[in-house]
Amino acid sequence: MSETNARDDARFMAAAAAYARRGLGKVWPNPAVGAIIVRDDGDGPRVVGRGNTQPPGGPHAEVVALRQAADLARGATCYVTLEPCSHQGRTGPCAVALAEAGVKRVVIGLLDPNPRVAGRGVSMLEAGGVEVCVASGEAARLAAELHAGHVRRVTDGRPHVILKLAVSRDGYIGRPGNGQVLITGEDVFRRVHVLRAECDGILVGIGTVLEDDPSLSCRLPGLTHRSPVRVVLDTEARLPLSSTLVKTAESIPVWVVVGADADPERLEALTAAGCMLIRLARPEGQRLDPHAVMRALGQRGLTRLLVEGGAGVARSLMDADLADEICISRGDVEIGDGGLRPFVDRDLSLVADLGRHELGFAFPAGRDTMMRYVRKRS
């Protein structure tokens, strides 16, 4: 591959990844794939088709891009963030569609670990006379980050978990009994709500609901329809019928994870109010197993889960090694003595002490700072 082609491949794969992000939070349980079709007739490469996976039942990214490119796809290159599917689902195999359209070359960001694909898409393309290239370097990293939720659900049966914390300048997340404390400003608010829109579900514990009565919706103009499924860990089914979550359950889904031994009358009332119940067995007197919770959510299709619970939920995820990313918003305010620590009896030093994550990036957001820690590669 020439140096020019390598540069073009990295550039167009980045464009495909950016286009794919439009589907995050909208297309689960399917992966949010992006495809760009590029043609070069001698006067430089130009994009003739682009697409991202549509909600379940709709076309995949490659098909959307092929429809836009029409006859210009013949002899062109397709950049796709995930290996094209090779099986018949609600839509036909994308690998076949690309070959039949006469695409000359396909650059793949990430091979699909799904056993229904797992290299079969590549084989199908090559059998159709298509040259196949798998991305490396930065292009591969972008695709892996984009499809982390899909990969986690396929390989581990659970969603990719993003633990979000807002921490004051002196290291606390709030004050006992004071409800929600405003720690960060408008810049962080906007970024967090974009993150909500890019996740399939958002999870909190019942303590947060009883203390704050949150809506857990996406409240940015133009993105309100992108609010994720709201998930509440509620072993004893204490979620109030008067809560904001229950009152809005008909418009934005609410899933309540309860113990199988919870009060039947409470369960019936929550069901009648429009909540979906997920019943899990547990040893008497103990909390729900976080691994069982995550498997249950994965079985129901969630691929990306944002966790905004309190210190107890955050600590349980850290103890169970279930936090794949940790997003920390460091505010400029101080809470003072008696504040709540991020992980019950531990401050943020727990992240470094466990040694499972490394800093991916940090950047200013107004007067605050946002940091993203990612799981170290094994």
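## Salt bridges first

A salt bridge is a side-chain nitrogen of Lys or Arg within 4 Å of a carboxyl oxygen of Asp or Glu. This structure holds 27 of them. It's a predicted model, where local features need pLDDT of at least 70, side-chain atom pairs count only at pLDDT 80 or more, and totals for chains, interfaces and linings use all residues. Residues are numbered from 1 along each chain as its sequence is written, and side-chain values use heavy atoms, leaving out hydrogens and water.

## Pairs from distant places

Take Glu145 and Arg372: their closest N and O atoms are 3.8 Å apart in a salt bridge. Glu145 sits in helix α5 (residues 137-146) and Arg372 in strand β14 (residues 368-375), 227 residues apart. Helices (H or I, at least four residues) and strands (E, at least two) are DSSP runs, numbered from the N terminus. Arg372 is buried at 13% relative accessible area, while Glu145 is partly exposed at 28%. Buried means under 20%, exposed over 50%, and partly exposed in between (1.4 Å probe, protein chains only).

Arg282 and Glu236 also pair up, at 2.9 Å from N to O. Arg282 lies in the loop between β10 and α11 and Glu236 in the loop between β8 and α9, so the pair ties together parts 46 residues apart in sequence.

## A buried leucine

Leu305 belongs to strand β11 (residues 304-307) and is buried, with a relative accessible area of 0%. Not counting residues up to four places away in sequence, its contacts (heavy atoms within 4.5 Å) include Pro159, Val161, Ile202 and Met294.
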